[in-house]
4 protein chains.
Amino acid sequence: MTESRRGRPRDTDIDERVLRAATAMLLEHGYAGLSPNEVAERAGVAKTTLYRRWPTKDHLAIAVVARLQEDDEITDTGDIRRDLTGYMVKIAAALERMRSAGRPAGDHDASAGVVAELVAAGARHDDIGRLGREVFARRNALALALITRARERGELRPGLDPVVLLDQLAGALYYRVLITGAPVDRAYTERLVATALDGARN
Amino acid sequence: MTESRRGRPRDTDIDERVLRAATAMLLEHGYAGLSPNEVAERAGVAKTTLYRRWPTKDHLAIAVVARLQEDDEITDTGDIRRDLTGYMVKIAAALERMRSAGRPAGDHDASAGVVAELVAAGARHDDIGRLGREVFARRNALALALITRARERGELRPGLDPVVLLDQLAGALYYRVLITGAPVDRAYTERLVATALDGARN
Amino acid sequence: MTESRRGRPRDTDIDERVLRAATAMLLEHGYAGLSPNEVAERAGVAKTTLYRRWPTKDHLAIAVVARLQEDDEITDTGDIRRDLTGYMVKIAAALERMRSAGRPAGDHDASAGVVAELVAAGARHDDIGRLGREVFARRNALALALITRARERGELRPGLDPVVLLDQLAGALYYRVLITGAPVDRAYTERLVATALDGARN
Amino acid sequence: MTESRRGRPRDTDIDERVLRAATAMLLEHGYAGLSPNEVAERAGVAKTTLYRRWPTKDHLAIAVVARLQEDDEITDTGDIRRDLTGYMVKIAAALERMRSAGRPAGDHDASAGVVAELVAAGARHDDIGRLGREVFARRNALALALITRARERGELRPGLDPVVLLDQLAGALYYRVLITGAPVDRAYTERLVATALDGARN
DNA sequence: GATTAATCGAGACGGTACGTCGTGTCTTACC
DNA sequence: GGTAAGACACGACGTACCGTCTCGATTAATC
């Protein structure tokens, strides 16, 4: 099955070095400050090598953030409010991390460059868009299952559409970060979940 | 009060011509297809003149969409659900308009490039970010007032936070367009408002 | 004869102010540093006014240097060597003055920008070229007459072509300043005249 | 000795194509008509590539004329007058070639734009100035050696300064082309050399 | 062990959009 | 009609950035 490769095998260490350098640049200097040229130089790698793995700056950027979010998980304690709050807090934290990228410390009350650029990247390249949507779909599937289970055990009203609920919750966070620039701290997140669940309860 | 200007006054017709050309290019060919150079040429205007008013391609793009949304208004019929639905439909329509920008007809089930690029522009330039947030703040202020009035006349429960409600509604739309790529048609919009108001009723 | 002008007469003080400012800029920052825009501002004059008198930056520059050389005169003492030396020294001095324009002090061993730019200006605009050649022709006419008189009174050999002699002398100075960058100090000038006259004597 | 280069080597053919295109434009349309942009296009080369080799339009122009003069050589027949005349004729021819650049045919009795612009370029950029002076120094070294040899074998008087003689000859040509606009045809050149040697003979 | 195929390093090359710079003209109001 | 102020036109220039291509040198698998 695994086609036997010929020729020199890829140096697996390179991925690590490149992504580390790219992550640093992206978080420190924002999307515009992420230069494949410079990433290659800092990682001690040829541009050819870099582009063989990530055919585009956009792809590289996506790879960076994908790796950053790998560890996000969803827990199911049986208390829907608590579980959703936990999930939202993780999302909010991730957003906050990128919101301040490329900005002087403390200047994160503005809006979020990197996230927007990544979304734009998804629009520029079909594969990135697909990949991004898949990532979110996979992550959200867990949350949707969570909601569905809560509904089935009677915590939520029967007619509730889990997708709409999730849109409301996650959407509010993204909306604040991307559009209005309002904070998405823990207090807000809890109030948000509480409000949404008020009408969702059975 | 009206400071008497000296020197040749700005030709107000130029704004019109430039923005018209820019709007066409932005909606037809997307953000990458918006070229200040070509806009100037099509508008019959010197590049210098264009850059005097919009110092950056980003500024020009923002001016375009700002003008596109000028006419969006909010009506207050006394029926909060109807009014909010109307508002959301308008937002959804605007998003849909930009989502398909620069894409072959029918290919709008992908995600939204222009919107994301504009958000990114807001992150690249402080003044654009401020301006964008002001526009949204002004527009949302009307919606917030609407919600507040509905709450005062007893349509909504007393403890409801209008901001959170609005975040949930508008956020869901942006979230679907920008992140998940799900449709934001009328049916969804109505379901969204209904769901959100379920828990908000008195 | 003098056509009776109508309207507001030109402010003669303006010529003075503008040329003074232009001279300063030209000598301090070289030809590229002479900006009509800035000259107008420094002279407290509108650009319109400036361009009404000097239709081009080139014309303005020429006017500046023409004024600088107004006082160059030729003396006829009866000693052809002495007179020619005097003339050449004046030319050399003028060249040295412009050679150092726009350069840090002491850095005049390079070549001469302003002179070259003025020559180029003469090539760009026919009128400037004509005017320049006339100025040189007028000045040289005096020198040629000087040589002719010396030849007639037997100081120089009969077959000598005054034009060729003058070309050799003035040419050598310009050649050094413009092309080779060699110095044109008094010692060189004297040696030059002596050498040229060696073969010109009767 | 030959340092082993790494990376993709420069395409030597590009210099050829670019310089050929630039030469054509410079000689046909003068200095203002030499557009790096268009040169790149005509040579089928990216602007980046062009600017990597000639960082400025001035540098490109200098490279063009430097190549034009590469083939100028000096012959030593033992007859100093003949040799110097030959050299001067070559210089005059080169000057005449550039004098008519960018002007309608027959309109070359004006003055010389390109030469002046090149001199100006030498003043704008130190490296160009140095390079230009080196080129002239190298070429003149041969002529100076010629003169020295003639002096040593008794054709010229012992006290003659070769540099001064060369200044007189070459200077006269440049002076006429750049300043007075007088012709530098063969007849004049011969008369010039004859006159200068009159006083230089032993 | 020789060959082969793919990777890596280095840097030139292509393409193109962007914004700047500089001159000179034009349009106001004012004198 | 001259003057002040500043917008406007025109166009060249150079830069920045991304991504491709071309070398030579390496490395591992295969014959």
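Colleague: In which helix of chain C is C:R124 found?

Modeller: The model is predicted: local features need pLDDT of at least 70 and side-chain atom pairs count only at pLDDT 80 or more, while totals for chains, interfaces and linings use all residues, and side-chain values use heavy atoms, leaving out hydrogens and water. Residues are numbered from 1 along each chain as its sequence is written, chains are lettered from A and ligands numbered from 1 in the order in which they are written. Helices are DSSP runs (H or I, at least four residues; strands are E, at least two), numbered from the N terminus. The run of residues 113–124 in chain C takes in C:R124, and that run is helix α6.

Colleague: Why does C:R124 count as partly exposed?

Modeller: Buried means under 20% relative accessible area, exposed over 50%, and partly exposed in between (1.4 Å probe, protein chains only). C:R124 is partly exposed because its relative accessible area is 40%.

Colleague: Which residue of chain D is in contact with C:R124?

Modeller: Contact means heavy atoms within 4.5 Å. Neighbours within four places in sequence are left aside, and the partners of C:R124 in chain C are then C:Y31, C:D58 and C:E117. Of these, C:D58 is 66 residues away along the chain, with 8.7 Å between its C-alpha atom and that of C:R124. The partner in chain D is D:E117.

Colleague: Over in chain A, is A:E117 buried or exposed?

Modeller: A:E117 is found in helix α6 of chain A, residues 113–124. Its relative accessible area is 7%, so A:E117 is buried.

Colleague: Which side chain makes a polar contact with that of A:E117?

Modeller: Not counting residues up to four places away in sequence, A:E117 touches A:Y31 and A:R124 in chain A, and B:A120 and B:R124 in chain B. A polar contact is a pair of N or O atoms within 3.5 Å; within protein, one must be able to donate a hydrogen and the other to accept it, and residues adjacent in sequence count only if both atoms are side-chain atoms. At 2.6 Å, the side chain that makes one with A:E117 is that of B:R124.

Colleague: What rotation superposes chain B on chain A?

Modeller: The copies are fitted by least squares on the C-alpha atoms of residues with pLDDT of at least 70 in both. The RMSD is 0.5 Å and the shift along the axis is 0.0 Å. Of the interface residues of chain B, 100% are also interface residues in chain A, so these copies meet through the same surface. The rotation is 179 degrees.

Colleague: As by what kind of axis are chains C and D related?

Modeller: Chain C can be laid on chain D by a turn of 179 degrees and a shift of 0.0 Å along the axis, with an RMSD of 0.5 Å. The two copies are therefore related as by a two-fold rotation axis.

Colleague: Through what do chains C and D meet?

Modeller: The interface residues of chain C are 100% interface residues in chain D as well. The copies therefore meet through the same surface.

Colleague: How many aromatic pairs does the structure hold over all chains?

Modeller: Rings of Phe, Tyr and Trp (its six-membered ring) pair if their centres lie within 6.5 Å; planes under 30 degrees apart count as stacked, over 60 as edge-to-face and the rest as tilted. Over all chains, the number of pairs is eight.

Colleague: What is the angle between the planes of A:Y174 and B:Y175?

Modeller: This pair crosses between chains, from helix α8 (residues 162–180) of chain A to helix α8 (residues 162–180) of chain B. A:Y174 is buried at 7% relative accessible area, and B:Y175 is buried at 2%. The centres are 5.3 Å apart and the pair is tilted, with an angle of 45 degrees.

Colleague: What is the angle between the planes of C:Y174 and D:Y175?

Modeller: C:Y174 lies in helix α8 of chain C and D:Y175 in helix α8 of chain D, so the pair joins two chains. C:Y174 and D:Y175 are buried. The pair is tilted, 5.3 Å centre to centre, with an angle of 40 degrees.

Colleague: What share of the residues of chain A counts as buried?

Modeller: Chain A comes to nine helices and zero strands. In α5 of chain A, the buried residues include A:L84, A:Y87, A:M88 and A:I91. The buried residues of this helix pack against α4 (57–68), α6, α7 (126–152), α8 and α9 (186–198) of chain A. Of the 202 residues of chain A, the buried share is 50%.
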